[in-house]
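Please look over the sequence and the model shown here before reading on. The report then takes up the strands, the core, the pocket and a few single residues in turn.

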Amino acid sequence: MLKKNGEECSGTIRRDSMGEEVPLNDLRVKGNQVTFSYPVTFGGNTITVHVDATISEKDMTGIMRMGEQRSFNLSAKRSE
């Protein structure tokens, strides 16, 4: 969930495999471009996921990077 209050931006993310929401780090919004990161723990190891995305009225698309070698396409919809 992304929120904007004046010039301040904040947000959280919740994946199906995570029971709780995790705060977004380094959240930046410029026009319809958004970047942020968040930690993910796998088997006791924590890595940082970096997201670069474009937001339209109802959608968000972009790339998620995990470490140096893994990247995935991102697609999200605005919740009502």
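The sections below describe this model part by part.

## Basis and confidence

This is a predicted model, in which local features need pLDDT of at least 70 and side-chain atom pairs count only at pLDDT 80 or more, while totals for chains, interfaces and linings use all residues. Residues are numbered from 1 along each chain as its sequence is written, and side-chain values use heavy atoms, with hydrogens and water left out.

The predictor's confidence in each residue is given as pLDDT, on a scale from 0 to 100. The mean pLDDT of the chain is 86, with 94% of its residues reaching 70 or more. Confidence is lowest in strand 1 (residues 2-5), where the mean is 77, and highest in strand 7, where it is 92. Where pLDDT is low, the predicted coordinates should not be read in detail.

Strands here are DSSP runs (E, at least two residues), numbered from the N terminus, and two of them are said to pair if DSSP finds at least two bridges between them. An open sheet is formed by 3 strands in the order 1-2-3, with antiparallel pairing. Its edge strands are strand 1 and strand 3 (22-23), each of which pairs on one side only.

Strand 2 (residues 8-13) and strand 3 pair in the antiparallel sense over 2 bridges, and Thr12 has Pro23 in strand 3 as its bridge partner. Contact, meaning heavy atoms within 4.5 Å, links Pro23 to Gly11, Thr12 and Tyr38, when residues up to four places away in sequence are not counted. Pro23 counts as exposed because its relative accessibility is 52%, where exposed means over 50%, buried under 20%, and partly exposed in between, with a 1.4 Å probe and protein chains only. From C-alpha to C-alpha, Pro23 and Glu8 are 14 Å apart in space, and they are 15 residues apart in sequence.

Strand 6 and strand 7 form a hairpin with 3 residues between them, and they pair in the antiparallel sense over 7 bridges. Within this pairing, Ala53 stands opposite Gly62 in strand 7.

Strand 7 (residues 59-66) also pairs with strand 8 (residues 70-77), in the antiparallel sense and over 8 bridges. Met64 has Phe72 as its bridge partner in strand 8, and Met66 has Arg70. These two strands form a hairpin with 3 residues between them, and Gly67 in the turn has a positive phi of about 70°.

## The nonpolar core

A nonpolar core is a set of buried Ala, Val, Leu, Ile, Met, Phe, Trp, Tyr and Cys residues joined through side-chain atoms within 4.5 Å. The largest one has 15 residues, and those with the most contacts inside it are Phe36, Tyr38, Val49 and Val51. Two or more residues come from each of strand 5 (33-42), strand 6 (45-55) and strand 7, with strand 5 giving the most, 4 residues.

Leaving aside residues up to four places away in sequence, Val49 touches Phe36, Ser37, Tyr38, Val40, Met64, Arg65 and Met66.

## The largest pocket

The largest pocket has a volume of about 900 Å³. A pocket is an open set of points on a 1 Å grid over the protein atoms alone, where a 1.4 Å probe fits, with protein on both sides within 12 Å along at least five of seven lines, and its lining residues have an atom within 4 Å of a point. Its lining holds 34 residues, of which Met1, Leu2, Met60, Lys77 and Arg78 lie nearest its centre. The elements giving two or more residues to this lining are strand 1, strand 2, strand 4, strand 5, strand 6, strand 7 and strand 8.

## Two further residues

Arg15 lies in the loop between strand 2 and strand 3, and it counts as partly exposed because its relative accessibility is 26%. Arg15 touches Tyr38, Val40 and Phe42, not counting residues up to four places away in sequence. The C-alpha atoms of Arg15 and Thr54 are separated by 19 Å, and the two residues are 39 apart along the chain.

Asp26 is found in strand 4 (residues 25-30), and its phi is near 50°, a positive value in a residue other than glycine. Most residues other than glycine have a negative phi.

Terms used
Grid points are joined across faces, edges and corners, and a volume is the space filled by probe spheres set on the points.
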